[in-house]
Amino acid sequence: MKRIHTLIVGAFFTAATMTSCQRSHDDTGWEFAPNMYNSVGYEPYTQIEKNPINADGKNMREPVAGTVSRRNYQTKFDSASVDLMVYNIGKDDLATAEAVLKNPVPNNEKTLAQGKELYVRYCQHCHGEAGDGAGPVADMYKGVPNYKADAYLNMNDGHIFHVITHGKGRMWPHGSQVTPEERWKIVHYVHKLQKG
Amino acid sequence: MEISLFLKRMRSVTQALLIALMATLSQQATAQDGDAASGETLFNNNCKACHSAKDEVVVGPGLKGIQQRRDLAWLVKWVKNPNGVIQSGDEYAVALYNKFNKAQMTAFPAFGEKEVKDILAYVEKANTAAAPAAAAGTAAAGAPAGESAPSDLFTYILVALLIVMLLVLGVLMAIVSILSKAVSGEATASAGTSFSDRLRDGLVGLSKNSAIRSATVWFFILMVTKATVDGMYGVGIQQGYAPKQPIAFSHKLHAGQYKIDCNYCHTGVNRGKSATIPSANICMNCHGVIKKESPEIQKIYTAIEKNQPIEWVRIHNLPDLAYFNHAQHVNVGGVQCQQCHGEIQTMEVVEQRSSLTMGWCIDCHRKTEVNTKDNAYYDKLVELHKTNSKEPLKVADIGGLECSKCHY
């Protein structure tokens, strides 16, 4: 009887030591004084407790209806100061965008390099490194055009800017990810790809 | 009577044959009009994104047999200005437009009869000659073999070694007990007892030995102390934390296989403190069109419909007492995401790879050189630094070790 007891106790301790060595992947482990870890002010993507002020308990609030984002309203390019307009041409008004919009970003080596960097981040996985629609996602997504296709060769800056902002055909709007200034730089780079 | 019947039948057969012959001839006639080689370039540059030359639907309908469906004049009119044809109320065009989710075909106003004929010739050629070639294309998509986890293998080897060692120990102990008994002259007395009894006797003898006893106790005390100290150092460190997320999103698929840049979804990484978790509209940029029926992606749709945020579990939790800014490190410092987050593009489930301890931060600040090239801001600093040091300018030299840079 005594032997069985020692066996059980032994087995328990072995199990205890073995499990305590490895923390499970779902566990953050011990924290020392978590009240110093958690922010008193509101932080993005962190909410420990329910917020008593907002009805839905979230820290986050939606902006007031009709709020217009004015980021990058005024931007300087090198020595010349160029204002980026508040852009409010409607989604279906591609013709107006084509006729009215002008690229405020000067086309030079620096902006082209920045445009390339942005193109790699936001466009390349579909439109391909050379703009030929051969990106890795395009095989799955289908319908990604070649920038050099005859119907696309004559598209002007305003057209490309509008399509990045609002999307066209199968392409969805990317205005939330790319700022107007960045879009104009991408426009320069797309033209460069079209020329080859 | 019989002869006339036979003649009649003959006539109908020849008629049928003639009609068939004429049909193929006329088909070949339109196809031969065009140049298939130039048609191929035209097709690949302009049509391939949305149309297959076979009969499968890509975005628009497959072009196989298009000449039987539509005549050349209509096709030319359509390619030049699809919207115009739809607007004119053409029944076929409107039906087509509605069938393909009202997605309008791009207009090719520069295309004339010659271009359309060339493309048709290519479509014809692709359908007559390419049947065996198509089968070969589908076979080359095997995924690379799953990587064996070296840590698992290591554990197995350790356990196996441990078992072997225990066995050897048991055998040795048995030999020792037998020998000791033989020497003390008790061999005859214990000869009749079983091996297990002798082993137990040996172990009892060992446990009564005070030197062995105290060694065992000390061994345990040392082990427990080490485990405790290690455990204390581990307090607040969440390395290896890989919680289950509400949606089984795979970075391996998106960032690895499809090579989508990290910035595409984590748009804040160059602009602000937080790298940001993508909002549902960024998911929809692709999943508004593809894989809509997958149950995991349906969760995004549900979240959008209910206007509820997706509650992703945060993995990298830096305590509030330390300040960290992504833009400063990624945009200004040019640090790659993988340097801190590990090989994200190979992770099915994201885990915290780095310890995120202060020592880890400081270590990198001491080692990393500042990129001062083409940046006038650093010119004087570099000059000053050169007067009292031969080392290149490191982050530590420009305040990377100041307490108040991160703690305030």
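In this predicted model, helix α7(A) is followed by A:Gly167, whose phi is positive, near 80 degrees. Helices here are DSSP runs of H or I with at least four residues, strands are runs of E with at least two, and both are numbered from the N terminus. Residues are numbered from 1 along each chain as its sequence is written, while chains are lettered from A and ligands numbered from 1 in the order in which they are written. As the model is a prediction, local features need pLDDT of at least 70 and side-chain atom pairs count only at pLDDT 80 or more, whereas totals for chains, interfaces and linings use all residues.

**Helix α7 of chain A**
- Seven of the ten residues of α7(A) are buried, so the helix is mostly covered; buried means that 20 or more other C-beta atoms, placed from the backbone, lie within 10 Å of the residue's own, exposed means 12 or fewer, and partly exposed lies in between.
- The buried residues are A:Asp157, A:Gly158, A:Ile160, A:Phe161, A:His162, A:Val163 and A:Ile164.
- Their cover includes α3 (94-100) and α8 of chain A.
- Beyond its neighbours within four places in sequence, A:Phe161 is in contact with A:Ala97, A:Leu101, A:Arg183, A:Trp184 and A:Val187; contact means that C-beta atoms, placed from the backbone, lie within 7 Å.

**Nonpolar core**
- The largest nonpolar core has 50 residues, of which A:Phe161, A:Ile186, A:Val190, B:Ile119, B:Tyr122 and B:Val123 touch the most other members.
- Such a core is a set of buried Ala, Val, Leu, Ile, Met, Phe, Trp, Tyr and Cys residues joined through C-beta atoms within 7 Å.
- Elements giving two or more residues to this core are α4, α7 (157-166) and α8 (180-195) of chain A, and α2, α4 (72-80), α7 and α14 (262-265) of chain B.
- Helix α7(B) supplies the largest share of this core, seven residues.

**Helices α2 and α7 of chain B**
- The axes of α2 (residues 36-47) and α7 (residues 113-129) of chain B come within 7 Å and cross at roughly 95 degrees; axes are lines fitted to C-alpha atoms, for helices over the stretch in contact, and angles run from 0 to 180 degrees between N-to-C directions.
- α2(B) and α7(B) are therefore roughly perpendicular to each other, a term for angles of 65 to 115 degrees.
- Among the residues making this contact are B:Phe43 of α2(B) and B:Tyr122 of α7(B).

**Contact between the chains**
- Chain A gives 39 residues to the contact and chain B gives 43.
- On the chain A side, α2 (34-37), α4 (109-122) and α6 (138-141) each supply at least two residues.
- The largest share of that side, three residues, comes from α4(A).

**Each chain as a whole**
- Chain A has eight helices and two strands, and 23% of its 196 residues count as buried.
- Chain B has 21 helices and zero strands, and 13% of its 408 residues count as buried.

**Confidence**
- The predictor gives the complex an ipTM of 0.84 and a pTM of 0.73.
- Chain B averages a pLDDT of 82, with 85% of the residues scoring at least 70; pLDDT is the predictor's confidence in each residue, from 0 to 100.
- Over residues 25-29 of chain B the pLDDT stays under 50, and the model has one contact beyond four places in sequence for them.

Key. Parallel < 35°, antiparallel > 145°, perpendicular 65-115°, else oblique. Contact = placed C-beta atoms within 7 Å.
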